[in-house]
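This report looks at aromatic rings and their surroundings in one structure. The sequence and the model are shown first.

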Amino acid sequence: QVPLVESGGGLVQAGGSLRLSCEVSERTFRIFLMGWFRRAPGRDREFAAAIKWSGNTTWDGDSVKGRFTISRDNATNTAYLEMSNLKPEGTAVYYCAAASDYAGLFDVENWGQGTQVTVSS
């Protein structure tokens, strides 16, 4: 399990923006993708976005399409989630994950602390 550190959460008004960061302390040949998930109170974990460490391939969850953008900085081993036009239902703990392939993102068992995002109406 590669250590991941999420940051950037906070309180924002509906319609506002936030940028989340996920720093990978040790990039290895096993990690080809990074992903962001979120878990709202009383709900299952939901996929938000994913990106490959090389190339331009990204994936977006249906509920965030057009509002969230995932990116990465290979030099600093950091993945970002730019969130705009946030909605109150976006209030959740946001987690990042690393995997060797896309399907592997959904098999992660050990999650970090995540970062809390609260969207006020």
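## Burial of Phe 47

Phe 47 has a relative accessible area of 13%, and because buried means under 20%, Phe 47 counts as buried. The model is a predicted one. Phe 37 is buried as well, along with Phe 47.

Tyr 102 falls in another class: its relative accessibility is 30%, so Tyr 102 counts as partly exposed.

## Aromatic pairs

Searching the whole structure gives 8 aromatic pairs. One of them joins Phe 37 and Phe 47: the ring centres are 5.5 Å apart and the planes stand at 70°, so this pair is edge-to-face. Phe 37 belongs to strand β4 (residues 33-39) and Phe 47 to strand β5 (residues 46-52), so the contact ties together parts 10 residues apart in sequence.

Phe 47 also pairs with Tyr 102, with ring centres 6.0 Å apart. The planes of Phe 47 and Tyr 102 lie at 85°, and angles over 60 degrees count as edge-to-face, so this pair is edge-to-face too. Here the link is between distant parts of the chain: Phe 47 is in strand β5, whereas Tyr 102 is in helix α1 (residues 102-105), 55 residues away.

One aromatic cluster is formed by Phe 37, Phe 47, Trp 59, Tyr 95, Tyr 102, Phe 106 and Trp 111.

Terms used
Residues numbered from 1 in each chain as written. Predicted model: local features only at pLDDT ≥ 70, side-chain atom pairs only at ≥ 80, totals over all residues. Heavy atoms only, no water. Phe/Tyr/Trp six-rings, centres within 6.5 Å; stacked < 30°, edge-to-face > 60°. Helix = DSSP H or I, 4+ residues; strand = E, 2+ residues; numbered from the N terminus. Buried < 20%, exposed > 50% of the residue type's maximum accessible area, 1.4 Å probe, protein only.
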